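Subject: Structure handover, with notes on sheets and pockets

Dear colleague,

I am passing the structure below on to you, together with some notes on what turned up when I went through it. Please read the notes with the structure open beside them.

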Amino acid sequence: MISTLGDPKGNGKGGFVLLDGETFEVKGTWEKPGGAAPLGYDFWYQPRHNVMISTEWAAPNVLREGFNPADVEAGLYGSHLYVWDWQRHEIVQTLPLQDGLIPLEIRFLHNPAAAQGFVGCALSSNIQRFFKNEGGTWSAEKVIQVPPKKVKGWILPEMPGLITDILLSLDDRFLYFSNWLHGDLRQYDISDPQKPRLTGQLFLGGSIVKGGPVQVLEDQELKSQPEPLVVKGKRVAGGPQMIQLSLDGKRLYVTTSLYSAWDKQFYPDLIREGSVMLQVDVDTVKGGLKLNPNFLVDFGKEPLGPALAHELRYPGGDCSSDIWL
């Protein structure tokens, strides 16, 4: 099952395409005819609660050429979750997110009985917890906020973190997410899902490194701009983007490309040099993140030229795809 962003003309259409699991032959759509959401992006389902929840980015015509702040003012970016009846394949609730612009990656807890999870809102740079109410409806609340940084030399006077990926460890103890623009990777203890606690933070490039074009004028979190990242002699362009965790939770893998048009706009060096994959060692006892200085996959060295690596997956299942029935 694959989610869609739009129709053939580039307009918004949050539907789902079904493929044969062995032949990859297209079998049709999951939703009923005419029943797609206005916009789409990611989804996760929890069969024991007969529910699937999907997110939204924007229509392809809006995002394909890059980010235009005017499109935000025009309301062209998503800010809702769509709650679907898993058995009937239809939307039963549209959930507006308060201060939740561009909800991208969504994760239920892995516990199949759990009726809650988290969604990363990219542009508003916060994590929201969604949960089932006693009456059967769903609600959301903000539980983590990454404050913007006042800057000079960027397209806007304030730079959001831009949370582009999140994941939960298989034991549902830790939540991880990447701030693609600020350049940091974070780990939170979610033993209490309503009160996540920061346990690890690591800067892996980003737009605010020292010596770059951006000057940070006011920062609620850092006392100074982070140093550029150099791994095995290569200065890493871009920031942490897609992430994947080993099944034992001890190794976190990170790539640096978001989407080519946005890469070109925010990190032009990525287009010239290609992206990389990095590995971060995770302390699963006390919490904490540490870069492995000896691990680097350089996609700038591909035979056909620099490549932009994005999604990471384990062939047998992983934290971002395994759903228990």
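A strand here is a DSSP run of E with at least two residues, numbered from the N terminus. With that in mind, β1 (2-3) and β4 (43-46) each supply at least two residues of the lining of the second largest pocket. Please keep in mind throughout that this is a predicted model.

To stay with that pocket for a moment, about 320 Å³ of space lies in it, and its lining is made up of Met1, Ile2, Ser3, Leu19, Asp20, Gly21, Phe24, Phe43, Tyr45 and Trp86. By residue class, the lining of the second largest pocket splits into seven nonpolar residues, two polar ones and one charged one.

The largest pocket has a volume of about 420 Å³ and is lined by 23 residues, of which Gly206, Ser207, Pro213, Phe266 and Tyr267 lie nearest its centre. Two helices take part: α3 (260-266) and α4 (268-273) each supply at least two residues of this lining, and the largest share, four residues, comes from α4. In the lining of the largest pocket, 12 residues are nonpolar, seven are polar and four are charged.

Turning to the sheets, I found an open sheet of three strands in the order β13-β12-β18, with antiparallel pairing. Its edge strands are β13 and β18, each of which pairs on one side only. Strand β12 (residues 149-152) pairs with β13 (residues 158-159) over two bridges in the antiparallel sense, and in β13 the bridge partner of Lys149 is Met159. The hairpin of β12 and β13 has five residues between the strands, and in this hairpin Gly153 takes a positive phi near 90 degrees. With β18 (residues 215-218), β12 pairs over three bridges, again in the antiparallel sense, and there the bridge partner of Lys150 is Glu218.

Strand β8 runs antiparallel to β9 (residues 116-121) and is joined to it by four bridges, and in β9 the bridge partner of Arg107 is Phe118.

Finally, a word on the cysteines. A search of the whole structure finds zero disulfides. Since buried means under 20% relative accessible area, Cys121 counts as buried at 0% relative accessibility, and Cys319 likewise counts as buried at 1%.

With best regards

Technical notes:
Residues are numbered from 1 along each chain as its sequence is written. This is a predicted model: local features need pLDDT of at least 70, side-chain atom pairs count only at pLDDT 80 or more; totals for chains, interfaces and linings use all residues. Side-chain values use heavy atoms; hydrogens and water are left out. Two strands pair if DSSP finds at least two bridges between them. On a 1 Å grid over the protein atoms alone, a cavity is a set of points where a 1.4 Å probe fits but cannot get out, and a pocket is an open set with protein on both sides within 12 Å along at least five of seven lines; lining residues have an atom within 4 Å of a point. Grid points are joined across faces, edges and corners, and a volume is the space filled by probe spheres set on the points. Ala, Val, Leu, Ile, Met, Phe, Trp, Tyr, Cys and Pro count as nonpolar, Asp, Glu, Lys and Arg as charged, and the others, Gly among them, as polar. A disulfide is a pair of cysteine sulfur atoms within 2.5 Å. Buried means under 20% relative accessible area, exposed over 50%, partly exposed in between (1.4 Å probe, protein chains only).
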